[in-house]
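Subject: Structure handover

Hi,

Here is the structure for you to look at. Please open it first, then read the notes below.

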Amino acid sequence: MNDSTNELRGHETSMGVPEESRWWYWIAAYPIYTLLSIPLLIAAAALATTVFVPVIAVEDTATAEPGTFTPLVGIALVLLVGGAAVYALAGLVLTIGLPVALYLDAKSIADSTLAWDPDPVLYGLVGVLNFLAAPFVGVAIAAYYLYRRRQHVGTP
């Protein structure tokens, strides 16, 4: 490889992967986000049953003491809905970013001097399948890609 080619691609690390190839962070974030969703859903369900069910169980609101449930329910509702919105937005960004990150990381590796030559277009298109059956397809794709990347690149 001559110096002009190296300048066009950017500097490469000792393993032959361009230094700016950090797109695998986005790929790794998707399965982590998905697995983190399980305990968060359980916590949200526990919060809903402990805070909202007693309010629904009160049959006669006229005999209930005024202000007994209102502040607690209001705070819990704001936290639950606000947290869910922020978490859902993060999931949307990761879902949209997965095919982009797969494409860009695979392109970076394919342009390097490594023996592994992943097809960036194929990985990008397979990443788009995540939109059809998220999160199952996305987790499987990300895990497979990261496994292959680990075999050939050494990271993650």
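Helices (H or I, at least four residues) are DSSP runs, numbered from the N terminus. This is a predicted model: local features need pLDDT of at least 70, side-chain atom pairs count only at pLDDT 80 or more, and totals for chains, interfaces and linings use all residues. Residues are numbered from 1 along each chain as its sequence is written, and side-chain values use heavy atoms, without hydrogens and water.

Start with Thr34. Thr34 sits in helix H2. Thr34 counts as buried because its relative accessibility is 14% (buried is under 20% relative accessible area, exposed over 50%, partly exposed in between, with a 1.4 Å probe and protein chains only). Beyond its neighbours within four places in sequence, Thr34 touches Pro135 and Val139 (contact means heavy atoms within 4.5 Å).

Next, the salt bridges. The whole structure has 2 of them (a side-chain nitrogen of Lys or Arg within 4 Å of a carboxyl oxygen of Asp or Glu). One joins Arg149 to Asp105, with the closest N and O atoms 2.7 Å apart. This pair links distant parts of the chain: Arg149 is in helix H6 (residues 136-152) and Asp105 in helix H3, 44 residues apart. Both Arg149 and Asp105 are buried.

Lys107 and Asp111 also form a salt bridge, at 3.3 Å from N to O. Which class does Lys107 fall into, buried, partly exposed or exposed? Lys107 is partly exposed, because its relative accessible area is 34%. Asp111 is partly exposed too, at 35%.

Best wishes

Methods
Helices (H or I, at least four residues) and strands (E, at least two) are DSSP runs, numbered from the N terminus.
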